[in-house]
Amino acid sequence: MASSVKRRSKLPEPLEKEKGVSLWSVIKDCVGKDLTNVCLPVYFNEPLSSLQKCCEEFEYSSLLDEAYEIGKMGNSLMRVMKVASFAMSSYASSEGRPCKPFNPLLGETYEADFPEKGIRFISEKVSHHPVMIACHCEGKGWKFWGDSNLKSKFWGQSIQLEPIGTLTVEFDDGEIFTWSKVTTTINNLILGTPYCNHYGTMHIKGNRQFSCQLEFKEQSFLDRMPRQVQGYVEDQMRNKVVILRGEWNDYLCYEIAKSKNCEESQSEGKSLLWKKNEPLPDPTRYNFSSFGIILNELTAELQEKLPPTDSRLRPDQRYLENGEYDKANSEKLRLEQRQRVSKKFQDNGWKPKWFNKDGTEEGYRYSGGYWEAREQKNWSECPNIFGDIYNDITHINE
């Protein structure tokens, strides 16, 4: 039974005392540059890969379950609002998370099979130059897919992250919504308490009756109301039918618009669409939610089922989670040496194992076969990417 699935509730206790390292001493020569390929000591990482961070955005996947059921009953307006809530909720886990996820190796994968949530997720690093990650998730009456290429710039006290890529959710009845992420900045890197902010316009485009726009407010220095999000839902005639208001780290509410220009709203007041889960009473320094804590969990039973490319098997990340910092640093340096040959693999015709280019478009789509291979425990075509540097490019292309 799904309800009997037992997950861990905390991270392992660190085996070593963490060493203090000056971030400025590491990145002072990188002002104005893309930090994607800058090698940082493991102390600035959290024990998750970027592939797992993609999965973390499904903490509130129940919003898509609700969207499917509500739309199936004919309430298309509430469906688009639930999709908007899901899109915004993906930012909730970024609050108080100053550490950087691990940059996956070329061909690295991550799976999540959560029967208690009704989802199956698979992601893969499909390109190293440019860095690109693709993912696919299936839930109760819906499928989600997307890819992302993250451009970053370091400005001394802050890092600016520009996401490139399209996210898509398709319901079993054929209704589709697409959107792209907004800009993120991480501030106070050198002095003060680090914090992140998300800003820009998110257009959630539907293929039927409704679409949605969410405006993530850019935070100013003296802003007393940070993290604000405002938006609206409009119909095919461009009439604004709903007003949306909230904070990306906390909640989203809606009000039915009184006029088509959304200048006024009904007097009944706001109704809640989404609310962030309560934080853990004793969070780690990584500030993971209860969902974030289980993403890198590795049981003996699960290890027998995983391909050798899964992020849970990455040694530097595992050492970091266990608090073995010296070993984590040594392994991170070794794997970064390995990462440098990835461009050579790509130039020699390397292709992703589980994702293909989406026709004439630039995006990637899941090509299938992963869960079937898992069922058969047949990973013969998956190389040991975390082992010693390999020279047999032919094998990885099979």
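This is a predicted model: local features need pLDDT of at least 70, side-chain atom pairs count only at pLDDT 80 or more; totals for chains, interfaces and linings use all residues.
Visitor: Why are helix 3 and helix 4 called roughly antiparallel?
Guide: Helix 3 (residues 62–72) and helix 4 (residues 76–89) pack at an angle of about 170°, and their axes are 8 Å apart. Axes are lines fitted to C-alpha atoms, for helices over the stretch in contact, and angles run from 0 to 180 degrees between N-to-C directions. Angles under 35 degrees count as roughly parallel, over 145 as roughly antiparallel, 65 to 115 as roughly perpendicular and the rest as oblique. Helix 3 and helix 4 are therefore roughly antiparallel.

Visitor: Which residues meet where helix 3 and helix 4 touch?
Guide: Contact means heavy atoms within 4.5 Å. On the helix 3 side, the residues include Leu63, Leu64, Ala67 and Tyr68, and on the helix 4 side they include Met78, Arg79, Val83 and Phe86. The residues of this contact divide into 8 nonpolar, 3 polar and 4 charged. For that count, Ala, Val, Leu, Ile, Met, Phe, Trp, Tyr, Cys and Pro are nonpolar, Asp, Glu, Lys and Arg are charged, and the others, Gly among them, are polar.

Visitor: What makes Arg79 count as buried?
Guide: Buried means under 20% relative accessible area, exposed over 50%, and partly exposed in between (1.4 Å probe, protein chains only). Arg79, found in helix 4, has 0% relative accessibility and so counts as buried. Leaving aside neighbours within four places in sequence, its contacts include Tyr68, Phe171, Asp173 and Glu175.

Visitor: Which residues of helix 3 are buried, and what covers them?
Guide: Leu63, Leu64, Asp65, Ala67, Tyr68, Ile70 and Gly71 are buried. Their cover includes helix 4, strand 6 (142–154), strand 8 (167–171) and strand 16 (271–275). After helix 3 comes Gly74, with a positive phi near 100°.

Visitor: What makes a group of residues a nonpolar core?
Guide: A nonpolar core is a set of buried Ala, Val, Leu, Ile, Met, Phe, Trp, Tyr and Cys residues joined through side-chain atoms within 4.5 Å. The largest one has 68 residues, and Met81, Phe144, Trp179, Ile204, Leu214 and Leu244 touch the most other members. Helix 4 gives the most to this core, with 9 residues. A second, separate core of 13 residues includes Ile122, Met132, Trp371 and Trp379.

Visitor: How do you know that strand 13 pairs with strand 12 and strand 14?
Guide: Two strands pair if DSSP finds at least two bridges between them. Strand 12 (residues 211–216) and strand 13 run antiparallel, joined by 6 bridges. Strand 13 and strand 14 (residues 240–247) also run antiparallel, joined by 7 bridges. Both counts meet the requirement of at least two. Leu214 has Gly231 in strand 13 as its bridge partner, while Val229 has Gly246 in strand 14.

Visitor: How buried is strand 13 (residues 228–234), and why does Gln228 count as buried?
Guide: Strand 13 is mostly covered, with 6 of its 7 residues buried. Gln228 lies in strand 13, and at 12% relative accessibility this residue counts as buried.

Visitor: Why do Arg238 and Lys377 count as exposed?
Guide: Arg238 lies in the loop between strand 13 and strand 14 and counts as exposed because its relative accessibility is 58%. Lys377, in the loop between helix 10 (370–376) and helix 11 (393–396), counts as exposed because its value is 51%. Arg238 has a positive phi of about 70° although it is not a glycine, and Lys377, not a glycine either, has a positive phi of about 55°.

Terms used:
Residues are numbered from 1 along each chain as its sequence is written. Side-chain values use heavy atoms; hydrogens and water are left out. Helices (H or I, at least four residues) and strands (E, at least two) are DSSP runs, numbered from the N terminus.
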